[in-house]
Every structure is written in structure tokens, then in C-alpha cells.
Amino acid sequence: MATAVSRRNRRISPVFLGLVAIMGVSGWAVWTDYSASPGFAVFLFVVSGWIVSLCLHEYAHARTALHGGDISIGAKGYLTLNPLKYTHVALSIVLPVLFVIMGGIGLPGGAVFIERHRIRGRWKHSLISAAGPLTNVAFAIVLTAPFWLGVDGVPEVFRYALAFLAMLQVTAAILNFLPVPGLDGYGVIEPWLSYRVRRQVEPYAPFGLIAVFGVLWIPEVNTVFFDAIDAVMRTLGISEWETYWGQEFFRFWKGEPQPY
């Protein structure tokens, strides 16, 4: 019985498989130019791909916590990759998607609840926090492979969609590694801080995500931030032109773009 329950708690959710299917079908529609509205196909591809990456981000936290000693992870359903099992669906899915639509910024929110008292060792705590954004780094490398490998024959609009989705992964990784309370970067360094400092910072943790997003609306900060993102993207073989038109196609409600 225990084995059956354990297997059920680890079985990949149909919800996640459905998201992967939407990503695959919409990606195919973009690649083949099958859709009557390329922009809408790009929108579906990017949003579904972004939510898939959010699921993988949180799964990485949960899986690392499981191996670190929190055996309660499985019973919470976090290993099924089902986004509906997250502690805060609004913070984990709704807000990140809104951030993408409003500003083209990839910023995952807090989701899985980890029973930290079960885990021994500061390095384990730091690794659990780092696992999520490192997953975004890995996803970005996979998405940009056609660019830095110099693969020919990739349709232009599909390249734009890949470029924009990859940029979201890069922004998510960089922002999440900021040492701001409530973000994974702070979780990496928190185990190494004194008890007094941690207690002083703790009340501000729920507001870290919103504070970062608010600061990014400051024009000067926004310019510096996206200049840094563009620099990273160039090292991955992606130009500002490709990410720009990827975002333009994504915003299909503004009309079909004409990059040619």
C-alpha cells in the first residue's frame, strides 16, 4: 500500500502533460506556419512553455528537498509536476504569466512549501534554493541550442518565439538569484546568516517579489537590467532583433507584426 501511494505521489500529472502537449502543438503550428494567426500560436507556445518551466523550477526545489531530508514532499504532490498542487497558485502561475504579458519579464513566484526543520546542513538548504533558478539556466541553454550551435533551416518566426522564451528563462534566473528576501537568491545565503539578521529580514520576505517588480518599472533601472539581459543573450547567439520580434509576435492582440 505504501509503495502504491508513493508511486501515485510521483506520477507525472495529466495537467503537466497537457501543458507539454499545448507547447508541442503550438510550437509545431509556429514552425509550419499552419496557424491562421502566427502571433496567437507564438503566444500559446511561449505561455505554455513558460508554465512548463515554472513547473520544472518548482519540481527542482521539491526534488532537491526530498533528497535533502524532507520526506513530506511526496505527499504534498509536488513531485507530480502539477501546478495546481502548489501552495500559492496565484503567486506561482497567475502572477508570473501577468509579468510576462505586462513587461516581458520572467519572474517565478514562491510555490512549494518545504519543511526546512527536516533538513540538516546549510549546504543542503542553499542547494534547495539554488535548484530552481539553475533549472531556468538549463532550460535557457536548451532553448538557445539552435542559435549557439548554428543550426540552419529553423523558420524565422519560430526562432523569434524561441528567443523570447529563452529570454524569459534568463531573466527568471538572474532575478531569482538576487539576494532579496522572498527570492531564491536570498534562500541561498540565508542559512549562512546569523539568527538575528534572519529574524530582522523575515517580515519583509512576502514583499520581496513585488518590490523587485516595482523597482524594474523605474526607467533607469529597467534600461540597465535589460542591457545586461541583452548582453547575456548575445553570448548565447541571440540578437536583440530576435528577442524584440519574439515579444512583438507574442503580443498578438496588437496586430500581426511585419519584421521583414
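Which element provides the largest share of the lining of the second largest pocket? The structure is a predicted model, in which local features need pLDDT of at least 70, side-chain atom pairs count only at pLDDT 80 or more, and totals for chains, interfaces and linings use all residues. Residues are numbered from 1 along each chain as its sequence is written, and side-chain values use heavy atoms, with hydrogens and water left out.

Helix 12 contributes the largest share of that lining, with five residues. Helices are DSSP runs of H or I of at least four residues, numbered from the N terminus. The second largest pocket holds about 180 Å³ of space (the space filled by probe spheres set on grid points joined across faces, edges and corners). A pocket is an open set of points on a 1 Å grid over the protein atoms alone, for a 1.4 Å probe, with protein on both sides within 12 Å along at least five of seven lines; lining residues have an atom within 4 Å of a point. Eleven residues line this pocket, of which M167, F226, T243, Y244 and Q247 are the closest to its centre. Two or more lining residues are given by each of helix 11 (219–235) and helix 12 (240–250).

The axes of helix 5 (residues 122–143) and helix 7 (residues 156–176) come within 8 Å and cross at roughly 155°, axes being lines fitted to C-alpha atoms over the stretch in contact and angles running from 0 to 180 degrees between N-to-C directions. The two helices, helix 5 and helix 7, are therefore roughly antiparallel (angles over 145 degrees).

Notes
Parallel < 35°, antiparallel > 145°, perpendicular 65-115°, else oblique.
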